[in-house]
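I opened the notebook to record what I looked up, entry by entry, with the cut-offs written beside the terms.

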Amino acid sequence: MRAASSPVPAAVLAAPSSASVVKPLPRAPAAAANGAVSTGRRDVLAGTGAAALLLLALGPACGAARAADEEYVSETKEVIGKVRSTISMDKSDPNVADAVAELRELSNSWVAKYRREKSLLGRPSFREMYSALNAVSGHYISFGPTAPIPAKRRARILEEMDTAEKALLRGR
């Protein structure tokens, strides 16, 4: 036994009585007869209408999220189109420098807008786009706007764009 100066009360140290033992609640007879397993949360939600209340409360938030998602998809498709058109330009084209400048501005604004969105960071479409934009921007920063992208790097960028576009179609 502990000493009398113990900080733990004597009632806690005593053996538990039958009144202090927690017993599980009995199952409802209808659920047992049907063989269904009753889960507490479902019963509570079904009985109180809390699910409907939750949907009503989240309705505007879901609509705003859907609008933001549609904006992400449309802007990402716009960036994909701009990247494809820019990297397919001939190096002797007089508009290539302007196209690269437009692409850098568009890609920088896309990255700045969506990089901080926690909901997008895990999406495959975001990952692939970010990687492709990083490769394109890195190339043009290192070698200048008129330098052609090597075939191997171009193939990887186009593959990442295709993967991102497929992920967007799947809502990912």
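**Salt bridges and burial**

I looked up Glu160 and found it buried, with a relative accessible area of 11%, where buried means under 20% relative accessible area, exposed over 50% and partly exposed in between (1.4 Å probe, protein chains only). I note that this is a predicted model, in which local features need pLDDT of at least 70 and side-chain atom pairs count only at pLDDT 80 or more, while totals for chains, interfaces and linings use all residues. Residues are numbered from 1 along each chain as its sequence is written, and side-chain values use heavy atoms, with hydrogens and water left out.

I took a salt bridge to be a side-chain nitrogen of Lys or Arg within 4 Å of a carboxyl oxygen of Asp or Glu, and the count came to six salt bridges. Glu160 forms one with Arg156, the closest N and O atoms being 3.5 Å apart; Arg156 is partly exposed, with a relative accessible area of 40%. Because Glu160 and Arg156 are four residues apart in helix 8, they are separated by about one helical turn; helices here are DSSP runs (H or I, at least four residues), numbered from the N terminus.

I then turned to Arg84 and Glu165, which form a salt bridge with the closest N and O atoms 3.0 Å apart. This pair links distant parts of the chain, with Arg84 in helix 4 and Glu165 in helix 8, 81 residues apart.

For Glu71 and Lys113 I found a salt bridge with the closest N and O atoms 2.5 Å apart. Glu71 lies in helix 4 (residues 50-87) and Lys113 in helix 5 (residues 96-114), so the pair ties together parts that are 42 residues apart in sequence. Glu71, Glu75 and Lys113 are linked in a network of salt bridges.

**Helix 7**

I checked the length of helix 7 (residues 124-143), whose 20 residues should span 28 Å at 1.5 Å a residue, and its end C-alpha atoms are 29 Å apart, which agrees; the expected span is 1.5 Å times one less than the number of residues. The buried residues of helix 7 include Phe126, Leu133 and Tyr140. Just after helix 7, Gly144 takes a positive phi of about 95 degrees.

**Cavity**

I searched a 1 Å grid over the protein atoms alone for cavities, sets of points where a 1.4 Å probe fits but cannot get out, and the count came to one cavity of 30 Å³ or more. Of the 13 residues that line the largest cavity (an atom within 4 Å of a point), the closest to its centre are Met89, Val96, Tyr140, Ala147 and Pro148.

Notes: Helix = DSSP H or I, 4+ residues; strand = E, 2+ residues; numbered from the N terminus. 1 Å grid on protein atoms, 1.4 Å probe; cavity = no way out; pocket = protein on both sides within 12 Å on 5 of 7 lines; lining within 4 Å. Points joined across faces, edges and corners; volume = space filled by probe spheres on them.
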